Amino acid sequence: MFSGKTALITGASSGIGEQMARQLAAVGCNLILVARRRDRLNALAGELVSVTVDVITADLADPEAPEAVFAQTQAAGRQVDILINNAGFGFQKPLLAVDQLGMVDVNVRSLLAMTQLFAVPMVQRGQGWVLNVSSVSAWFPIPGMATYAASKACVLHLSRALHEELKPAGIVVTALCPGGTRTEFSSIARDRMDPDLEKAMMPADVVAAAGLKALAKGKAVEVPGALYRIMVALVRVLPASWVTRLAGKVMGRHH
Ligand SMILES: NC(=O)c1ccc[n+]([C@@H]2O[C@H](COP(=O)([O-])OP(=O)(O)OC[C@H]3O[C@@H](n4cnc5c(N)ncnc54)[C@H](OP(=O)(O)O)[C@@H]3O)[C@@H](O)[C@H]2O)c1
């Protein structure tokens, strides 16, 4: 379905974004790779020789970055058929221990700005795909990781609403909600991985494939992995106060 199209992937320098780039290249989809680490993007572009690959370095914490990325694609005459808002990060830190606004800038603000910019030409063409990477953390608050969970809840709600809002214009919007996934994220998010959580980690390529498949099918929400689908089903029926306390104990504790 995505052969011959062009996908812009934020956070393509590692983890889930890198795996999506590899999988899209394998089906003949051209790429625009966005992240801060140019060396990693160039190395990936050098490997994916079967398709056209552009590299754009940008720090998406900068409020002007989305406009700059959009302008670069326009200047290069590249049409973006598929926008993958994957860049994001989180950490286990109490609210008062460290500034958390940068997380909101990357996880929410840049995602919204990129979607607004790139959806305009998609609507004009009457076709487009937007894949927003949320998290299972979107489904419950996490004391100790409050900002991250709330930022991903925002991505999920935004995506669900935009799925309906942009459907008449021919645009698919999908939220991918991964559970624990083996990427560089876990080393940034947690100082030391809890052994119980480590066992539940999914491979990044499996999560990436689930997201791309859901996007191709036009699904609104995808939660990869049976374990995480059960988790999401349970938190929707259990008392919110109990779920919040448990999430804090399991996912938000500090080492
Ligand atoms: N791994 C998990 O357990 C898990 C679970 C649920 C959801 N997620 C979500 O999945 C997405 C991808 O994360 P991942 O697990 O693949 O982690 P990762 O390996 O750390 O990848 C994160 C990507 O985001 C990019 N990024 C981070 N901050 C950026 C910034 N300020 N500007 C531009 N790019 C930035 C990074 O590139 P540079 O450092 O080169 O800029 C990197 O390519 C994130 O949105 C994350 O919240 C992950």
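Colleague: Where in the predicted model does Ser-13 lie, and is Ser-13 buried or exposed?
Modeller: Ser-13 belongs to the loop between E1 and H1. Its relative accessible area is 7%. A residue under 20% is classed as buried, so Ser-13, at 7%, is buried.

Colleague: With which residue does the side chain of Ser-13 form a polar contact?
Modeller: Not counting residues up to four places away in sequence, Ser-13 touches Glu-18, Ala-35, Arg-37, Arg-40 and Leu-41. One of these takes part in a polar contact of 3.3 Å with the side chain of Ser-13. That partner is Arg-37.

Colleague: What is the relative accessibility of Ser-14, and how is Ser-14 classed?
Modeller: Ser-14 is placed in the loop between strand E1 (6–10) and helix H1 (15–26). The limit for a buried residue is under 20%. Ser-14 has 15% relative accessibility and therefore counts as buried.

Colleague: At what angle do H1 and helix H8 pack?
Modeller: Residues of H1, among them Ile-16, Met-20 and Leu-24, meet residues of H8, including Val-207, Ala-208 and Leu-212. By class, this contact of H1 with H8 has eight nonpolar, three polar and one charged residues. H1 passes H8 in a right-handed crossing. The axes are 8 Å apart, and the packing angle is about 65 degrees.

Colleague: How is the direction of H3 relative to H4 described?
Modeller: The axes of helix H3 (residues 65–75) and helix H4 (residues 101–125) come within 9 Å and cross at roughly 30 degrees. Angles under 35 degrees fall in one class, and so H3 is described, relative to H4, as roughly parallel.

Colleague: How many nonpolar residues does the contact of H3 with H4 have?
Modeller: On the H3 side, the contact involves Pro-66, Glu-67, Val-69, Phe-70 and Thr-73. On the H4 side are Ser-110, Ala-113, Met-114, Leu-117, Phe-118 and Pro-121. By class, the contact of H3 with H4 has two polar residues and one charged residue, and the nonpolar residues number eight.

Colleague: What is the handedness of the H4 and H5 crossing, and how many nonpolar residues does the contact of H4 with H5 have?
Modeller: The crossing of H4 and H5 is right-handed. H4 contributes residues including Met-103, Val-104 and Leu-111, while H5 contributes residues including Tyr-148, Val-155 and Leu-162. By class, the contact of H4 with H5 has one charged and four polar residues, and the nonpolar ones number twelve.

Colleague: How is Lys-167 classed by its relative accessibility?
Modeller: Lys-167 occupies the loop between helix H5 (146–166) and strand E6 (171–176). Its C-alpha atom is separated by 9.6 Å from that of Gly-218, 51 residues apart along the chain. The relative accessibility of Lys-167 is 45%, so Lys-167 counts as partly exposed.

Colleague: What separates the C-alpha atoms of Asn-42 and Glu-18?
Modeller: Asn-42 is located in helix H2 (residues 38–47). At 38% relative accessibility, Asn-42 counts as partly exposed. Asn-42 and Glu-18 are 24 residues apart along the chain, and their C-alpha atoms are separated by 12 Å.

Notes:
Residues numbered from 1 in each chain as written. Predicted model: local features only at pLDDT ≥ 70, side-chain atom pairs only at ≥ 80, totals over all residues. Heavy atoms only, no water. Helix = DSSP H or I, 4+ residues; strand = E, 2+ residues; numbered from the N terminus. Buried < 20%, exposed > 50% of the residue type's maximum accessible area, 1.4 Å probe, protein only. Axes fitted to C-alpha atoms, helices over the stretch in contact; angles between N-to-C directions. Parallel < 35°, antiparallel > 145°, perpendicular 65-115°, else oblique. Contact = heavy atoms within 4.5 Å. Nonpolar A, V, L, I, M, F, W, Y, C, P; charged D, E, K, R; others polar. Left-handed = near helix turned anticlockwise from the far one by under 90°. Polar contact = N/O pair within 3.5 Å; in protein donor to acceptor, adjacent residues only side chain to side chain.
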